[in-house]
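Please keep the sequence and the structure in view while reading.

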Amino acid sequence: MGLFDSWLSKDVRRFIKRRDSDAGETGRALEELRSSLYNELRTSEGAKRQQQRCCGPVVAMTFNFMVAVGIILANKLVLGKIGFNFPIFLTLIHYFTAWIFMAIFKGLALLPVSPPSKTTPFSSLFFLGAVMALSTGLANTSLKFNSVGFYQMAKISVTPTIVLAEFILLKKTVSFKKVLALSVVSIGVAIATVADLEFNMFGACIAILWIIPSAINKILWSNLQQQSNWTALALMWKTTPVTIFFLLALMPWLDPPGALSFVWDVSNASAILISALLGFLLQWSGALALG
């Protein structure tokens with residue numbers, strides 16, 4: 001009986017030791033997996049890889065195209081039929097709504113981390129936020145004073161401006177095939193919208209002024225994401241406060257008086273809220289496409 005107990009106790013010890021070893025290996029594997037996921041999601045390089053893996057060029061550009069069509073119609077409704085004649089204030093609502101969404105993401109630990117501060121000086125982020133305010137604010141002001149057709153015609157001219165600016169500033173060249181493709185698309189949109197070219201002198205001047213900051217804005221977004229490992233949401237989080245500040249400064253210059261006396265009801269508030277949600281999605285999808 002003693003020998004049996006001794007043999008049994010040795011067997012039990014070996015079993016427990018093997019189980020402890022297995023548990024240790026499982027624990028180490030889980031720890032390695034956890035560490036890998038942490039590095040992938042909580043570093044700028046990993047977050048950038050996840051963005052590229054989950055949202056490729058086709059998905060990003062399709063997403064951006066669908067949202068862009070929706071927001072043009074929504075903003076035209078708000079600025080026209082709803083009678084919210086304050087395009088800069090509307091843009092401010094868009095960015096403030098975007099900031100709230102990103103603050104929620106950050107609170108839930110869903111906001112990708114930013115690259116180390118030394119890789120991107122604050123002056124670059126500050127300049128990008130300022131250009132973003134000019135670009136989006138002037139775009140909505142142009143949409144208020146011009147027809148959708150003229151707005152689209154002005155938007156078409158942003159693309160060749162980007163190509164020219166990158167050639168002058170960054171010495172980038174575009175292949176003949178790309179130039180041909182851009183030309184065909186631009187001519188096609190121009191033909192489709194030529195019957196709706198309604199504008200006034202002030203609206204036309206705003207549209208022309210909008211082209212340059214819009215082109216610079218897209219170049220900066222693209223370069224920061226491609227060269228400095230910024231993700232779309234992380235870059236939006238850093239630049240949105242600066243954009244809000246400059247929009248507040250632009251309001252007295254470009255918006256008519258009377259914003260505080262606007263009559264808010266369920267219908268008006270719903271239309272503006274939908275426009276703001278689309279504004280957040282447009283900024284996000286546009287940043288993804290540029291990345």
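Predicted model: local features only at pLDDT ≥ 70, side-chain atom pairs only at ≥ 80, totals over all residues.

Helices, as the term is used here, are DSSP runs of H or I of at least four residues, numbered from the N terminus.

**Annotated spans**
- An unreviewed UniProt entry lists residues 54–74, 86–113, 125–143, 149–170, 201–221, 233–254 and 266–290 under "transmembrane region".
- Of these spans, residues 86–113 are 75% helix and 0% strand, with end C-alpha atoms 34 Å apart.
- Residues 266–290, by contrast, are 100% helix and 0% strand, and their end C-alpha atoms lie 36 Å apart.

**Helix H9 and its end**
- H9 comprises 28 residues and reaches 41 Å from its first C-alpha to its last, which is close to the 40 Å expected at 1.5 Å a residue.
- Asn 229, which comes just after H9, takes a positive phi of about 60°.

**H6 against H9**
- The axes of H6 (residues 148–156) and H9 (residues 201–228) come within 9 Å and cross at roughly 25°.
- Because angles under 35 degrees count as roughly parallel, H6 is roughly parallel to H9.
- The crossing in which H6 passes H9 is right-handed.
- On the H6 side, Phe 150, Tyr 151, Ala 154 and Lys 155 meet Ala 204, Ala 207, Trp 210 and Ile 211 of H9.
- Sorted by class, this contact of H6 with H9 has seven nonpolar residues, one charged residue and no polar ones.

Notes
Residues numbered from 1 in each chain as written. Heavy atoms only, no water. UniProt positions renumbered as here; feature names shortened; annotations may be inferred. Helix = DSSP H or I, 4+ residues; strand = E, 2+ residues; numbered from the N terminus. Axes fitted to C-alpha atoms, helices over the stretch in contact; angles between N-to-C directions. Parallel < 35°, antiparallel > 145°, perpendicular 65-115°, else oblique. Left-handed = near helix turned anticlockwise from the far one by under 90°. Contact = heavy atoms within 4.5 Å. Nonpolar A, V, L, I, M, F, W, Y, C, P; charged D, E, K, R; others polar. Expected span 1.5 Å × (residues − 1).
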